[in-house]
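I opened the model today to look up a few points about its helices, its core and its backbone. My notes follow in the order I worked.

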Amino acid sequence: MGAVRWPRWLVLDPFIVAMLAVVVVATLLPVRGTAADVAGTASKLGVALLFFLHGARIAPRAALAGARHWRLHIVVLLLTFAVFPLLGIAAGLLVPTLLTSDLHLGLLFLCAVPATVQSSIAFTSMARGNVPAAVFSASFSNIAGIGLTPLLAAALLAGTGGVALTGGAIGAVVLQLLVPFAAGQLSRRWTADWLDRHRQLTGIVDRSSILLVVYTAFSAGVVAGIWQQISPGRLAGLLLVVGALLATVLGLAYGAARLLGFSRADRVTIVFCGSKKSLATGLPMATVLFSGANLGLLLLPMMLFHQIQLIVCAALARAWAARPDPPPAAPVPPAPAPTR
């Protein structure tokens, strides 16, 4: 009997596996009492460190190399911060048939977060897209999202009690997100080379911070009875909704890019940068903007969307990479000189 081969299209992110394991641990061994307070403080410090590293990694000069493709960047920004939110609002029609109100809040927040950086660039490169434009677009999306996502989330969730930008909430965003990010940008003169040489170590710090956020959020949810509020059928419905959301944005991104006459390389960039949502940015932001025992439920749409986008975009990137580039257009011969 031959060995069972893993399907090439199934990209199972080890980080998602680790997060699911953390959810299981939080379900079986939730942190409580004083330990929960300590874990919450550690989680906040981890979020600040995470955004410091985000700021220190983004190189403005490298990103500006792709800034001249302003039409492409406008399309990507509209997909990320306009089309996604509109689709999230429309998904409210699925409450309570497929989604609960809390899951819909999580979906709305997912629609407000910026695009990914690393995977957007990696898939664009794999599919032979416009990599400099992808670097700028994804980086600018993250920088803009630090200020724009809280405002957009507050607008989308107005009246739900999910996010209210009070003075305390604005102060938390500034202290935990904006200040560390700005400090990271200012530190690049001294830290950029070291971070480039120790990417594996900083990657571990990134992931550890997010896993701590997930553990504290789901621990609080388990203590409050989170798993009594959602059934396997609801989880299946959520999976269907986030899959349909991704498929819709992918179709709109590709259709808009073709309609606007972008080149093949630019179409690839628009599809991969305009359809992605950043788990690394979104999860820590959620802990700053949301509070309460239902935070675990609010994080579920983002966690599922992250895994689905990796599987689908990896398959798309491989398919595009396998296609030959279209032949260049034949030059138009000059008109013959008039005869007398």
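I took "buried" to mean under 20% relative accessible area. I also noted that this is a predicted model.

**Entry 1: helix H2.** I asked which residues of H2 are buried. I found Ala39, Ser43, Gly46, Val47, Leu50, Phe51, Leu53, His54, Gly55 and Ala56. Next I checked the length of H2, which covers residues 33-57. At 1.5 Å a residue, its 25 residues should span 36 Å, and the end C-alpha atoms are 36 Å apart, so the two values agree.

**Entry 2: H6 against H14.** I looked up how helix H6 (residues 118-126) packs with helix H14 (residues 295-322). The angle is about 25 degrees, and the axes are 8 Å apart. Angles under 35 degrees count as roughly parallel, and H6 and H14 are therefore roughly parallel to each other. On the H6 side, I listed Ser119, Phe123 and Met126 as making the contact. On the H14 side, I listed Leu310, Cys313, Ala314, Ala317, Arg318 and Ala321. Sorted by class, this contact has 7 nonpolar, 1 polar and 1 charged residues.

**Entry 3: glutamine 309.** I stayed on H14, where glutamine 309 lies. Is glutamine 309 buried or exposed? Its relative accessible area is 0%, so I wrote it down as buried. Leaving out residues up to four places away in sequence, I found that glutamine 309 touches Thr116, Leu246, Ser275, Lys276, Lys277 and Ala314.

**Entry 4: the core.** I then asked how many residues the largest nonpolar core has. The number is 86, and the residues with the most contacts inside this core are Met19, Phe109, Phe218 and Ile270. H14 supplies the largest share of the core, 14 residues. With residues up to four places away in sequence not counted, methionine 19 touches Ile210, Leu211, Val214, Leu279, Leu283 and Met303.

**Entry 5: two backbone points.** I looked up where a cis peptide bond occurs, and found that one joins valine 95 and proline 96. Omega there is about 5 degrees. Proline 96 sits in the loop between helix H4 (70-90) and helix H5 (101-112).

I located arginine 128 in the loop between H6 and helix H7 (131-156). With a relative accessible area of 32%, arginine 128 is partly exposed.

Terms used. Residues numbered from 1 in each chain as written. Predicted model: local features only at pLDDT ≥ 70, side-chain atom pairs only at ≥ 80, totals over all residues. Heavy atoms only, no water. Axes fitted to C-alpha atoms, helices over the stretch in contact; angles between N-to-C directions. Helix = DSSP H or I, 4+ residues; strand = E, 2+ residues; numbered from the N terminus. Parallel < 35°, antiparallel > 145°, perpendicular 65-115°, else oblique. Contact = heavy atoms within 4.5 Å. Nonpolar A, V, L, I, M, F, W, Y, C, P; charged D, E, K, R; others polar. Expected span 1.5 Å × (residues − 1). Buried < 20%, exposed > 50% of the residue type's maximum accessible area, 1.4 Å probe, protein only. Core = buried A, V, L, I, M, F, W, Y, C linked by side-chain atoms within 4.5 Å.
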